Structures are given as structure tokens and as C-alpha cells.
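Hello,

I am passing this structure over to you, with some notes on what turned up in it. Please have a look when you have a moment.

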Amino acid sequence: PFDLGEDNIDLGPVKSTTVDLTWLQIYRGDNIICTTTLLPADSRYRGIMTGTGNEGNYVNELYDLGIRSNNNPLPYVRATYENATSPFHIVYEPTMRRSKTCMNGTMYEIDFRDYYAVRYGDGWFSEKFPSKEMASTYIPNVVGANGNVSNNGIIMLCTNFCPHWTCPKGYVHLEEVGSPDIGGNVTIRVDGKEVVGVEKYDLCHFLVNEDGLQFSRREQYDISIVVNIPDGILQLVSVIII
């Protein structure tokens, strides 16, 4: 059973264990950590998420801005799983920044949906979540004195929503996950283990492996993603470890 308060959903079998979570535990749990590209975010402004320590704010923009969407060239060769690109690339839309700025340069909006971009031409991306910097800052007690990891081994990914709910050509959804030989438009592996499906919750999706909802509990999870359709793009905004 998987209890989300009034939004009860059945995520199928969970190998040799029972998971009981409420929406409050998901959003306010002690050892739940969200790595997000969305702004404003303390982890981005302080350079914690990127691990650079580059601090800034929405005025001076001295933090790690990421890559402009119109200046993000594809590599000459698609990265393989064994030689995946790391970390994921943070991409922002410069037109959104301009559209939220007054003529005198004052910004009247600071909420921006920056995203991790995974395109077909990039090949594989891979990154460990949470990073050492994120974990030590926000969940220092995730590993107990006995060495046990206190998260549940549950992973949730959130994607960017399409403007006016109309997605552009090539936009890949997490529901399309699967290996390319069975028609999957996006393939995801966690610590080398294939993700065979997802379960939707709001604008996010729980990752499901062949044994169910949970992955082996650990301090960090190596998440690898590749888009399988030409000209396809997946836009991730949050990686949440529960």
C-alpha cells in the first residue's frame, strides 16, 4: 500500500516490504531531499547544487546560471552509457529572463523554470543524487550512527510543464520510459538497474523497477538517462529522493 492521504494510489508490489507515506511526509520528511533547477532556490543561489560555491541572487546573477537554451551545442558524438556526460546540464530560457524585466532593468518576476535538458543528440547523461554538497547541507543525518541509510530508496522525478499545456514537437514524457527495443522513448537506469515504468503523482513521477517502487537504499543514487527518439528532449526540473 502507498497512502498519499486523499490521493490514494496503488504503486503495485514492493519487494519484501511495505511502504506507507503521506503527502506530508513526501513534502516535509526529515531526510527527503529535492535537487531542483527551479528558481528561486537556496541551493542554486548558494552554489550548493552545482558544487561550485558560486553565490549570487536574482539581481546580480553571480550564481551558476547554466546554459542558454539557444547556445547549447550538441556534442560531435552521442555519449554512451559507459562514458556518460556528467553532470546534467542546467538550461535556461533567455527570453523568459527578458520578458520579466522592466525597461529600467528591474526584474518584477524571479520565478523561472530552468531545467535539466536531455536531448537525443547528447546521448547518455549520468549524475549522483543527492550530491555530497546537497546531502551535507540539507540532510546531514541521512546516514545514522549504525551506518543505516534513513531514506526509503524511493525516487521521484518532475518534468517541466508545457506552455499553455501544448508540448512542442519532440517533447518526451516520463510515461514513455522503457528500453529502445520495446519502443521506449526515454531510458532511465538507477545504479545500473533499469526503470520499467513510472507512477504519476501531480506533475511528478515515481520511478518503478522490476521489483517494485523501491531501489536499494543508499546515500547517493546514480541516475542515468538517455532519450531514444531523434530530435527528442526531456526537461527535468526536480530529482527527489524519499
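In which sense do strand β7 and strand β8 pair, and over how many bridges? Strand β7 (residues 186-190) and strand β8 (residues 193-201) are antiparallel partners, joined by 2 bridges. Here, two strands pair if DSSP finds at least two bridges between them, and strands are DSSP runs (E, at least two residues) numbered from the N terminus.

Before going on, note that this is a predicted model, where local features need pLDDT of at least 70, side-chain atom pairs count only at pLDDT 80 or more, and totals for chains, interfaces and linings use all residues. Residues are numbered from 1 along each chain as its sequence is written, and side-chain values use heavy atoms, with hydrogens and water left out.

R189 has E194 in β8 as its bridge partner. The β7–β8 hairpin has 2 residues between its strands, and D191 takes a positive phi near 55 degrees there. Strand β8 also runs antiparallel to strand β9 (residues 204-209), with 6 bridges; G197 stands opposite V208 in β9. In the hairpin of β8 and β9, D202 has a positive phi near 60 degrees.

The whole structure holds 6 salt bridges (a side-chain nitrogen of Lys or Arg within 4 Å of a carboxyl oxygen of Asp or Glu). D191 is in one of them, with R218, at 3.0 Å between the closest N and O atoms. This pair links distant parts of the chain, 27 residues apart. K193 and D211 form another, at 2.6 Å.

Best wishes

Note on methods. Helices (H or I, at least four residues) and strands (E, at least two) are DSSP runs, numbered from the N terminus.
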